[in-house]
Amino acid sequence: LQYSPESFSDTELDFAVECCNAVINIWEPTPQDKMIINLPDTVQWATPNIHADQIEWMCRTIACRESLLISLHTHNDRGTGTAATELGLMAGADRVEGTLFGNGERTGNLDIVNVALNMNSHGIPTGLDFSNLSSIRAVYERVTRMSVSDRSPYAGELVFTAFSGSHQDAIKKGLDRRQQERTDQPNLTWGVPYLTIDPEDIGRSYEAIIRINSQSGKGGVAYI
């Protein structure tokens, strides 16, 4: 079972924990049969660090903590849904609620693709499979008739595209060096400039769109 104090982000913490404890006392969860306390960032009144402070206080104060799953449900009214979620997890939360590509109320809810791949990039497994993200995006756009922004993290069309000549040069050198080193180290850790993850891990590829401008330098000219 799940209980959610729906206006948590705009409620005094001592009153919020009083309400939650009242429900806990009636439902009587156990460590073997836990209940979910879902704490929504209903409208993002505060910055992500303040939200994390609220989550940490609840985790330390609420009754029967060992019998609960503290859940995060962030909106994106301030454009900081992902940051609030990540800091909330660091503050002690156990669980996250989110949506594909942030499709939700008003300015959207947590983009589950964004936060999951952020965690994966730091070696934290989420159990979610985004190895063919382009196909997921295509189905999403067809079904919802909404489009994923070209600049959307991980899924956007231009995420793995470098326009600057200096970036293109660094990426090319990084990929070349990685290819050479993989001969001796097949499990080589990913480390290429300007590419936080291997695009192939999510069914993407690196593309260079060459545009010579005042910042291109000899790298861009040489690439042309």
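A surface patch, as the word is used here, is made of residues that have over 30% relative accessible area and no salt bridge, with nonpolar side chains joined within 5 Å. In this predicted model, Leu1, Ile26 and Trp27 form such a nonpolar patch, and together they have about 370 Å² of accessible area. Leu1 lies in the segment before β1 (2-3), and this residue is exposed because its relative accessible area of 71% is over the 50% cut-off.

In soluble globular proteins, nonpolar side chains tend to be buried together. The largest nonpolar core here has 20 residues, and those with the most contacts inside it are Phe101, Val113, Leu117, Phe130, Leu133 and Ile202. Two or more residues of this core come from each of α4 (112-121) and α5 (133-144), with α4 giving the most, five residues. When neighbours within four places in sequence are left aside, Leu133 is in contact with Phe101, Val113, Leu117, Tyr154, Ala155 and Ile202. A second, separate core has 19 residues, including Val23, Leu39, Ala52 and Cys59.

A search of the whole structure finds zero disulfides.

| Cysteine | Nearest cysteine sulfur | Distance |
|---|---|---|
| Cys59 | Cys20 | 11 Å |
| Cys64 | Cys20 | 12 Å |

Cys59 counts as buried because its relative accessible area is 11%, which is under 20%. Cys64, at 34% relative accessibility, is partly exposed, because that value falls between the cut-offs of 20% and 50%.

Terms used: Residues are numbered from 1 along each chain as its sequence is written. This is a predicted model: local features need pLDDT of at least 70, side-chain atom pairs count only at pLDDT 80 or more; totals for chains, interfaces and linings use all residues. Side-chain values use heavy atoms; hydrogens and water are left out. Patches are made of residues with over 30% relative accessible area and no salt bridge: like charges are joined within 9 Å, nonpolar side chains (Val, Leu, Ile, Met, Phe, Trp, Tyr) within 5 Å. Accessible areas come from the Shrake-Rupley method with a 1.4 Å probe; for residues, only the protein chains shown count as cover. A salt bridge is a side-chain nitrogen of Lys or Arg within 4 Å of a carboxyl oxygen of Asp or Glu. Helices (H or I, at least four residues) and strands (E, at least two) are DSSP runs, numbered from the N terminus. Buried means under 20% relative accessible area, exposed over 50%, partly exposed in between (1.4 Å probe, protein chains only). A nonpolar core is a set of buried Ala, Val, Leu, Ile, Met, Phe, Trp, Tyr and Cys residues joined through side-chain atoms within 4.5 Å. Contact means heavy atoms within 4.5 Å. A disulfide is a pair of cysteine sulfur atoms within 2.5 Å.
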